[in-house]
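Subject: Structure handover

Dear colleague,

I am handing over the structure below. My notes on what was found in it follow.

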Amino acid sequence: MALLLLGGRLCKCRAEIKTVMTGIQPYCSSVTSGRQRVNGVDLYYEQTGRGKHAVLLLPGALGSAQTDFGPQLKSLNKERFTVVGWDPRGYGRSRPPDRDFPPDFFERDAKDAVDLMKALGFGRFSLLGWSDGGITALIAAAKTPDLINKMVVWGSNAYVSQQDLSIYNAIRDVSKWSARMRQPMEEMYGAELFPKTWEAWVDGITQFTHKPEGSICMELLPLISCPTLIIHGEKDPMVPSFHPQYLLKHIRGSRLHLMPEGKHNLHLRFAAEFNKLVEDFLDD
């Protein structure tokens, strides 16, 4: 998920939302943007840097390159990396179409992401996936192992538990959020489309509870062969700690890095620490 909410703790997350909102500000004059036709949809992307190592940033639920990855597009080393951020179909500036959530929406996003990078001319690349974007990255790495150099995921889960379901249902009704918390998404989607799309996302993620063990992509994890770094904020109210532990156990050779003060938006709140951690891993 791109947002940072948890039932009665909504007011405590305002500082995080403020950080997210700063990502909407212009972040780098050297960023180029465009739209690429992929699988019948015009996908919006932003690209910066000239390094040999290509990196794709995958945003969270209802997220975009602009709202979710400002500090990464601005500050990841542009001599060593070429960084691409994208808006998945139905999100951000990749509209139309409006977003929908069929049972295979994560697989669809994974195919779109990989096909976008191929269309932009990248033969191999690494993945940085946050929240829903991390799930998309896991699927892409499992299904196209020959294309993925390395992967970093945080705030992500391979299945939906009953505890997760309670969290999602607690934040379903955006009218209960503060105006300040709604602002970034209302600016992106409008006051009418945002709540409809958010409720549709909650319904979309809930459907995985009807699958065995609530699986989103559990069966694909053993197929991941690229070096994988899992990052977890120990104060993340959205993702219980058993999720990164599960990924660590089932992705061969993966590493887990814990950030004691990190919450769901750790890459925004602690951008310098996060960026260095990622750069060191990608260069290793």
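I begin with a pair in the sheet: T32 stands opposite Q47 in strand β2. Helices (H or I, at least four residues) and strands (E, at least two) are DSSP runs, numbered from the N terminus. Two strands pair if DSSP finds at least two bridges between them.

Before going further, note that this is a predicted model, in which local features need pLDDT of at least 70 and side-chain atom pairs count only at pLDDT 80 or more, while totals for chains, interfaces and linings use all residues. Residues are numbered from 1 along each chain as its sequence is written, and side-chain values use heavy atoms, with hydrogens and water left out.

Confidence

pLDDT is the predictor's confidence in each residue, from 0 to 100. The chain has a mean pLDDT of 91, and 90% of its residues reach 70 or more. Over residues 4-29, however, the pLDDT is below 50; this stretch has 59 contacts in the model beyond near neighbours in sequence. Contact means heavy atoms within 4.5 Å. Where pLDDT is low, the predicted coordinates should not be read in detail.

The sheet

Eight strands make up an open sheet with mixed pairing, in the order β1-β2-β4-β3-β5-β6-β7-β8. At its edges stand β1 and β8 (255-259), each with a single partner strand, so one side of each is left without a neighbour in the sheet. On average, neighbouring strands of this sheet are turned by 20° against each other, direction ignored. Axes here are lines fitted to C-alpha atoms, for helices over the stretch in contact, and angles run from 0 to 180 degrees between N-to-C directions.

Strand β2 covers residues 41-48, and six of its eight residues are buried. Buried means under 20% relative accessible area, exposed over 50%, and partly exposed in between (1.4 Å probe, protein chains only). Strand β1 (residues 32-38) runs antiparallel to β2, and seven bridges join them. β2 is also antiparallel to β4 (residues 81-86), with four bridges between them.

What happens at the turn from β1 to β2? The hairpin has two residues between the strands, and N39 takes a positive phi near 50° there. N39 is not a glycine, and at 38% relative accessibility it counts as partly exposed. Most residues other than glycine have a negative phi, and most peptide bonds are trans.

Other backbone exceptions

E213 also has a positive phi, near 60°. This residue lies in the loop between α8 (193-206) and β7, and E213 counts as exposed at 66% relative accessibility.

One runs from R95 to P96, with omega near 0°. The other joins P96 and P97, with omega about 5°. P96 is found in the loop between β4 and α4 (105-119), and P97 has its place in the loop between β4 and α4.

Helix α11

Helix α11 has 13 residues, 271-283, and reaches 18 Å from its first C-alpha to its last, close to the 18 Å expected at 1.5 Å a residue. The expected span is 1.5 Å times one less than the number of residues. Which residues of α11 are buried? They are A271, F274, N275, V278, E279, F281 and L282. Seen down the axis of α11, the buried residues fall within an arc of 165°, so they line one face of the helix. That arc is taken from the directions from the helix axis to the C-beta atoms. An α-helix has 3.6 residues a turn, so residues three or four places apart point the same way. On the face of α11 turned away from its buried side are the exposed residues A272 and K276.

α11 lies across β3 (53-58), β4, β5 (125-130), β6 (148-154), β7 (228-233) and β8, and runs at about 155° to β6.

A residue in α5

A142 lies in helix α5 (residues 132-143) and counts as buried, at 7% relative accessibility. Leaving aside neighbours within four places in sequence, A142 is in contact with L220, L223 and I224. The C-alpha atoms of A142 and C217 are separated by 9.4 Å, and the two residues are 75 residues apart along the chain.

Regards
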